[in-house]
Amino acid sequence: MTTIELSAVGKTYGRTHALADVDLTFDRGVTGLLGPNGAGKTTLLRIVATSIAADSGEVRLLGRDPHRSHADVTAVRRELGYLPQELGYPSDMTAFGFIEYVAVLKEWNDRERRSQEVRRALEAVGLADQATVRISRLSGGQRRRVGLAQALLGDPQLVVLDEPTTGLDPAQRADLRRTLSTLGHRSTVLLSTHQTEDVAALCERVVVLAGGTVRFDGAVTDLVATAVGRVWLADEPGDDALISWRTGTGRHHVVGGTPPAGADPTEPTLEDAYLLMLGPDAERVHSPS
Amino acid sequence: MTTETQGWHADPALLSSYLAGDLDAVTGASVEQHVSRCETCRAAVGHLLGPQLVERTWAGIRDAVERPPLPYPLRLARRLGLSEPTAVLLASAASLRGAWLVGAFLSLSFATLAAYASGGTTLAPFLLVAPLAPVLGVAAAYGPRQDPLEALIVTAPYGRTRLILVRTLAVLVSVLPVTVLLGLAVPGPPWIAAAWLGPALALVPVLLALAVFVGPRLAAAVVSFVWAGVVLNSLRGSIGPTWPVEAAQQGVYLAAAGAACIVIAIRAGTDRQPGVAL
């Protein structure tokens, strides 16, 4: 079943087109939104999280139109877990107190079941032993995980995570990967990042956004495949390369353009493919979801 | 303490009755005393305990440790019938905690004292503070637009408008009775004790309507400034001290409150942000 359907969705802030005619559908599984700052990732996620309304186009979440009625939007919100990009944490609350507060907002009214669910969420992000610690005493990464824990309350069908990996160390990223892969079996998980390694590690599908439009939509491996034959290792930086940098071996990693003399083709990474996708010569790719 | 000192052991039937709470007080206390000293019987109790009971007890202990205690005013409200989930929501509002209520009580007391000390020639201190106490309380409990949790509150099924209204009601319930009592101590016509309720109740919807556009802090500042102007106006010689709460002015407050309610209602109907009125 398609859980998220966006047809010709647009959103403008003043004269800026944050999103322009975006068509996307999502099913169960983990999808990464990749794009530079200002690409429209947060706007897209906020629309899916029913935090803001689109200016144009049609949005259907779990088969409902969230703008149709209060009942529809509430039904969607009951199945939504949302981690906003910037979530301030009330510093005088404990981790348990904060998650419990959000649990009440999510209508967990039975005290005993609510406690169990709060503990389950804290355990899922590895913070069970920090439950009584005030949020002001937690590290940045721990706070981000507290934010993530509230998004996991009640195993929602829609999980919208705006830059969930900010502030996480590699071990915590690995934990997040485990949590999300389990979640992806039964939920639609949409996360945004501007780091390609997050997408490679966490997502099955990737959507590249730039300037409010979709540049690529498909499997992570398919995105990498678009860069095959366009990345080289060479002794010189390419004259017309999109970007090149000197590697630890002393040779230059050349992305795009024409290969310099003596260049050896090399396996592209997801980052190479992403840069090419954003670069001036990147083809606009539409692939079926 | 834990070594076995007696040759006698409680039989399983007795221990089962003890666990089920079926023993009378004296026998129960005696078995408990014995179990606390006898390792064998303690082990036997362990086998008799159902895993569900152990789990429930453990969950209860964790709850007592992990769950933050409710502030005192809310514990009181719980005894008076406030639902537990609502108490959890209200606990996060600064103006419903003890410290804020004590602050409101003190400023009201000083205002009352000042009015009292003037021998009734000026009611301005009381009339200035009394209607503003609930207004500022509501503003502090509003869940402002700059609230760090705003993004979550907006997208939660509970609903932002409902949360604001619940908190508003809670502030009014906690501040108004004290203010009414203090109003009785104010010298002057006896109806003053109730008359300030007019502006107090009118200023709250005005605050909520203004907050829709400019946020609760600026709205609270504007409302306070305007109300201070009204009260200071009454200090002019030609106008009596009760001028701000006389019938004609009460009519103006009622009209302002009505207009504010209409603004909120229109906003609820037209806001494209899904499901948000305030």
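This is a predicted model: local features need pLDDT of at least 70, side-chain atom pairs count only at pLDDT 80 or more; totals for chains, interfaces and linings use all residues.

How many bridges join strand β10 of chain A to strand β12 of chain A? There are 4 bridges between β10 (residues 231–234) and β12 (residues 252–255), and these two strands of chain A run antiparallel. Strands here are DSSP runs of E of at least two residues, and helices are runs of H or I of at least four, numbered from the N terminus; two strands pair if DSSP finds at least two bridges between them. Within this pair, A:L233 stands opposite A:H253 in β12.

Residues are numbered from 1 along each chain as its sequence is written, and chains are lettered from A and ligands numbered from 1 in the order in which they are written.

The strands β10 and β12 belong to an open sheet of 4 strands in chain A, ordered β11-β12-β10-β13 with antiparallel pairing. Its edge strands, β11 (243–246) and β13 (264–265), each pair on one side only.

I turn now to the contact between the chains. Here 25 residues of chain B are in contact with 34 residues of chain A, where contact means C-beta atoms, placed from the backbone, within 7 Å. On chain B, α4 (51–66), α6 (84–91) and α9 (150–154) each supply at least two residues of the side that touches chain A.

Finally, chain B has domain 1 (12–66) and domain 2 (72–270), with bounds from an automatic or database domain assignment. Their C-alpha centres lie 52 Å apart.

Terms used:
Two residues are in contact if their C-beta atoms, placed from the backbone, lie within 7 Å.
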